[in-house]
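Good morning, and thank you for coming. I shall take the structure on the screen and go through it in a few steps.

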Amino acid sequence: MRRSAHALAALLAVSLLAACATAPPHVAMAPGTAAYNRPYVVGGRHYSVLPACAGYQQRGIASWYGPGFNGHPTSTGSTYNMYALTAASKVLPLPCWVRVTNLRNGRQVVVKVNDRGPFVANRIIDLSYAAARDLDMIGPGTAIVELQAVDPGRPRSNPPPPRTQVQGAPAPRLFLQVGAFAGRDNAQHLATALRDMGFGPVRVDTLLRGQRQTLFAVRLGPLATVDKLDAAARRMNAIGIKGFRVQVD
């Protein structure tokens, strides 16, 4: 077990270097940028805000927040109203509008992003009670979603919504990407180390970055539920595996 842990640490360091090679360049803040759209730190973790909302599209896990925050100020200074169609994002500039599609049941809602969060691991957006109700996710507490930036004033320019499971698309599948490598051998070694530590199922997938760069991604999954994904993530954190990402296929 100790040998596997040492091998894992070495391989993840190589993976980090591969990831850094494809990291986007730093974007300078325009003069007069509002404080809530500047880089910030929460819980010791650094976050950067995207320079624009246009073109944003992301799949992941949504959560919601309600009565405990109702009437409190949001990051923009407005008052949180759990009955309004709003949301919180860690990375989108405020304000911003996104269409949120539940990839299982096909329900959709357009929300105004006016707050920061969620700062619970493995979530990409925190929805108001009203938005969560429209997506039929109040009971479960989470949903697998796709986010698409939209312009409410120019509906014809907005991207089409994704096909969902109820429309015949494959059921969304949850993964944790643990590392990505320029070489297949390192990816296979990491996959073997994870299996030796009792993680599974583990797979190595080929990713294309741009037109020329190929990366080999080590992914845990598919994981049957959000709870199973969260349990695997907690176990990874407990043994020092950091930097993994939630992915939805």
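Let me begin with two terms. Helices (H or I, at least four residues) and strands (E, at least two) are DSSP runs, numbered from the N terminus. Two strands pair if DSSP finds at least two bridges between them.

Next, the basis of the values. This is a predicted model, in which local features need pLDDT of at least 70 and side-chain atom pairs count only at pLDDT 80 or more, while totals for chains, interfaces and linings use all residues. Residues are numbered from 1 along each chain as its sequence is written, and side-chain values use heavy atoms, with hydrogens and water left out.

I turn to strand β5, residues 96-102. Which strands pair with β5? One is β6, residues 108-115, which runs antiparallel to β5 and is joined to it by six bridges. Within this pairing, Arg99 has Val110 of β6 as its bridge partner. Five residues lie between the strands of this hairpin, and there Gly106 takes a positive phi near 80 degrees. Another is β8, residues 142-149, which pairs with β5 in the antiparallel sense over five bridges. Here Asn102 has Val145 of β8 as its bridge partner.

Is β5 enclosed or open? A residue is called buried under 20% relative accessible area, exposed over 50%, and partly exposed in between, using a 1.4 Å probe and protein chains only. Six of the seven residues of β5 are buried, so the strand is largely enclosed by the rest of the structure.

Cys53 lies in the loop between β2 and β3, and Cys96 in β5, so the pair ties together parts that are 43 residues apart in sequence. Cys53 is buried at 15% relative accessible area, and Cys96 is buried at 2%.

Finally, some notes on the backbone. The peptide bond from Gly200 to Pro201 is cis, with omega near -5 degrees; Pro201 sits in the loop between α3 and β10. The bond from Gly221 to Pro222 is also cis, with omega near 5 degrees, and Pro222 belongs to strand β11.

Asn122, although not a glycine, has a positive phi of about 75 degrees. Asn122 is found in the loop between β6 and β7 and counts as buried, at 17% relative accessibility.
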